[in-house]
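Q: I would like to learn how to read a structure feature by feature. Can we work through one together?

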Amino acid sequence: MNSINSTTSTSLKGFTLIEILIVITIIAILATTIIPNFIGFDVEARISATQTNLNSIRTRIALFRAKEGRYPETLDELLTVQYEDMGIKRPYLARIPPELVTSKKGSNAIENLTSDQELSNTGGWVYLQDRADVVVNISEPLSSKWGSYAGQKPNEW
């Protein structure tokens, strides 16, 4: 009898170590170029939201002046005093919007001061009663983590 040795060919399926390393390298390169952009969006969004909220409060103070014939003595008056809008009574502000520079959750704390008093730099808003203006309660320049806003003082916006 002739014995025939048959070799069975088994092929293993999978990725080689080199292929896996190439894919990991590509993912790492993409991550290093994309992640800093997302970090910048967070900073930009927080500052934009703070500036928008600041302008909203200032607009409501102007509306208060136009309807009441005087400026509010404190920002709390924007929450309590109501005006008639097409037959409906509503407050000038339903709530004080937050400033988002001091924290991601924001701060809607209010201090009522005059322009000759120093800011406490605790975040939130300061209503300057003698100027009928609102500023962000931060007079320190922003650090480099704020990107293009670094060096700006939020109370000067």
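The dialogue below goes through the fold, the cores, the surface and the salt bridges.

Q: What kind of model is this, and how many helices and strands does the protein chain have?
A: The model is predicted. The protein chain has two helices and five strands.

Q: In what order do the elements run from the N terminus on?
A: Read the elements along the chain. The order is α-α-β-β-β-β-β.

Q: How many of the residues count as buried?
A: The protein chain has 157 residues, and 27% of them count as buried.

Q: What share of the contacts joins residues 24 or more positions apart?
A: Take the contacts in the protein chain with a separation of 6 or more. Residues 24 or more positions apart account for 38% of these.

Q: How should I read a nonpolar core?
A: Begin with the general idea. In soluble globular proteins, nonpolar side chains tend to be buried together. Now the case here. The largest nonpolar core has 23 residues. Within it, I57, L75, L78, W125 and V134 touch the most other members.

Q: Which elements give two or more residues to this core?
A: They are helix 1, strand 4 (125-128) and strand 5. Helix 1 gives the most, with six residues.

Q: Which residues does I57 touch?
A: Leave out residues up to four places away in sequence. I57 then touches L75, L78, L93, I96, P97, W125 and V134.

Q: Where is the second core?
A: A separate core of five residues includes L113, L119, L128 and V135.

Q: Where is Y127, and is it buried or exposed?
A: Y127 is found in strand 4. Its relative accessibility is 0%, so Y127 counts as buried.

Q: Which residues is Y127 in contact with?
A: Again, set aside the neighbours within four places in sequence. Y127 is in contact with I61, Y71, P72, E73, T74, L75, E111, N112, L113, A132, D133 and V134.

Q: How far apart are the C-alpha atoms of Y127 and N137?
A: They are separated by 9.2 Å. Along the chain, Y127 and N137 are 10 residues apart.

Q: Now the surface. How much of it belongs to carbon and sulfur atoms?
A: The accessible surface of the protein chain comes to about 10700 Å². Carbon and sulfur atoms hold 56% of that surface.

Q: Which residues make a nonpolar surface patch?
A: I18, I22, I26, L30 and I34 make one of about 470 Å². Take I18 as the example. I18 lies in helix 1. At 59% relative accessibility, it counts as exposed, because the cut-off for exposed is over 50%.

Q: How do I read a salt bridge?
A: The general idea comes before the cases. Side chains of opposite charge can pair when their charged atoms come close. This structure holds four salt bridges.

Q: Which residue forms a salt bridge with D133, and why does the pair matter for reading the fold?
A: The partner of D133 is R58, with the closest N and O atoms 3.0 Å apart. D133 lies in strand 5 (residues 133-136) and R58 in helix 1 (residues 17-68), so the pair ties together parts that are 75 residues apart in sequence.

Q: Are D133 and R58 buried or partly exposed?
A: D133 has 19% relative accessibility and counts as buried, because the cut-off is under 20%. R58 is partly exposed, at 25%.

Q: Which residues is D133 in contact with?
A: Leaving aside neighbours within four places in sequence, D133 is in contact with R58, V126, Y127 and L128.

Q: What about R70 and E77?
A: Their side chains meet in a salt bridge, at 2.7 Å from N to O. R70 is partly exposed, with a relative accessible area of 34%. E77 is buried, at 13%.

Methods. Residues numbered from 1 in each chain as written. Predicted model: local features only at pLDDT ≥ 70, side-chain atom pairs only at ≥ 80, totals over all residues. Heavy atoms only, no water. Helix = DSSP H or I, 4+ residues; strand = E, 2+ residues; numbered from the N terminus. Buried < 20%, exposed > 50% of the residue type's maximum accessible area, 1.4 Å probe, protein only. Core = buried A, V, L, I, M, F, W, Y, C linked by side-chain atoms within 4.5 Å. Contact = heavy atoms within 4.5 Å. Areas by Shrake-Rupley, 256 points an atom, 1.4 Å probe, with all protein chains shown as cover. Patch = residues over 30% accessible without salt bridge, like charges linked within 9 Å, V, L, I, M, F, W, Y side chains within 5 Å.
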